[in-house]
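Please look over the notes below alongside the model.

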Amino acid sequence: MKQTCVLSPARQLTGEEQSLVWQKPPSHIESEAEKRIYQEVVRNWNRGEMKISTILLEGDAGSGKTQLAKALSADFNLPYTKITCFADMDKSDVLGSILPVLSEKDKSNMVEYQYYPSEIVRAYENGWLLEIQEPTVIRDAAVLMALNSALEPDGSLNLPTRIVHRHPDFIAVITTNRGYNGYRPLNEALRDRVQHAEKIDLPPKAVMMERAKAKTGYHSESVLSLLAETIILLDETARANAIKGVAGMRSYIFWVDAVASGASVQSTLDRQQ
Ligand SMILES: Nc1ncnc2c1ncn2[C@@H]1O[C@H](COP(=O)(O)OP(=O)(O)O)[C@@H](O)[C@H]1O
Ligand SMILES: [Mg+2]
């Protein structure tokens, strides 16, 4: 097993870190986007300002953004972690928080205060790959600012207890669904930090079929093909009517799985809608 990091071969991962590196399952199919990002990041890693360490993946739910972020963790042998953003996030969700704990030193039940780092801080200071899911939903400008400064190329974070510097191996992968209800575009300042962006739409039909085959073990080409065409048509029709997220990879895989286990194509299609 690889123990060092692809991007900085001198670095030795700890056992805990190695266990956070994603393992590609046999069902994983390397996409063109994965190869492209991998090559671009490697090519530019030691090129100063050209270095790519903040990546944006935009695409419908189920298009494979999270799996791509995880695959990069495997490709680079970097520990993977994620944060799922939410509207009411506050600064402590970015910077970590100081919480009261009962003292363990004596039995006097004294309360002490201890700093707990956020996932962002852990990834930032230890040089991990962090998936930041849906930062578009964040409402508080101060939170966006804190996140933005965390993504600065040579940045540092002012924590309540100390200052941490960005580890040179830290990679942030922002993933965002385009066009679902309540969708807001990515904050300008955050977008400015992005050095490589990929739009991930429904993958090509062959890739859809491969993924569904690998995932469900179902192999009937004609049925896989028919269901894929139906999903693609639904997707195109929905898009033409400015509705997004109706039919994607996720619905395709569940549909194939239902049909594989004996459900009728017609009745399960009705349930898709
Ligand atoms: N490269 C891939 N190879 C095989 N299966 C994939 C791949 N990418 C995504 N999938 C499968 O597609 C589904 C949705 O992927 P996910 O990454 O969660 O999408 P998103 O984050 O865009 O919503 C998951 O079941 C995942 O296992
Ligand atoms: Mg996801």
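1. Strands (E, at least two residues) and helices (H or I, at least four) are DSSP runs, numbered from the N terminus.

2. The model is predicted: local features need pLDDT of at least 70, side-chain atom pairs count only at pLDDT 80 or more, and totals for chains, interfaces and linings use all residues. Residues are numbered from 1 along each chain as its sequence is written, while chains are lettered from A and ligands numbered from 1 in the order in which they are written.

3. β3 pairs with strand β4 (residues 111–116) in the antiparallel sense, over six bridges; pairing requires that DSSP finds at least two bridges between the strands. Ile 98 has Tyr 115 in β4 as its bridge partner.

4. Asn 77 sits in the loop between α3 (65–76) and β2 (80–84). Its phi is positive, near 50°, and Asn 77 is not a glycine. Asn 77 counts as buried because it has 21 C-beta neighbours inside 10 Å.

5. Glu 134, in the loop between β5 (129–133) and α6 (141–150), also has a positive phi, about 55°, without being a glycine. With 19 other C-beta atoms within 10 Å, Glu 134 is partly exposed.

6. Overall, the protein has 11 helices and nine strands. Its C-alpha trace spans about 65 × 40 × 40 Å along the principal axes, and buried residues make up 32% of the 273 residues.

Notes: A residue is buried if 20 or more other C-beta atoms lie within 10 Å of its own, exposed if 12 or fewer, and partly exposed in between; C-beta atoms are placed from the backbone.
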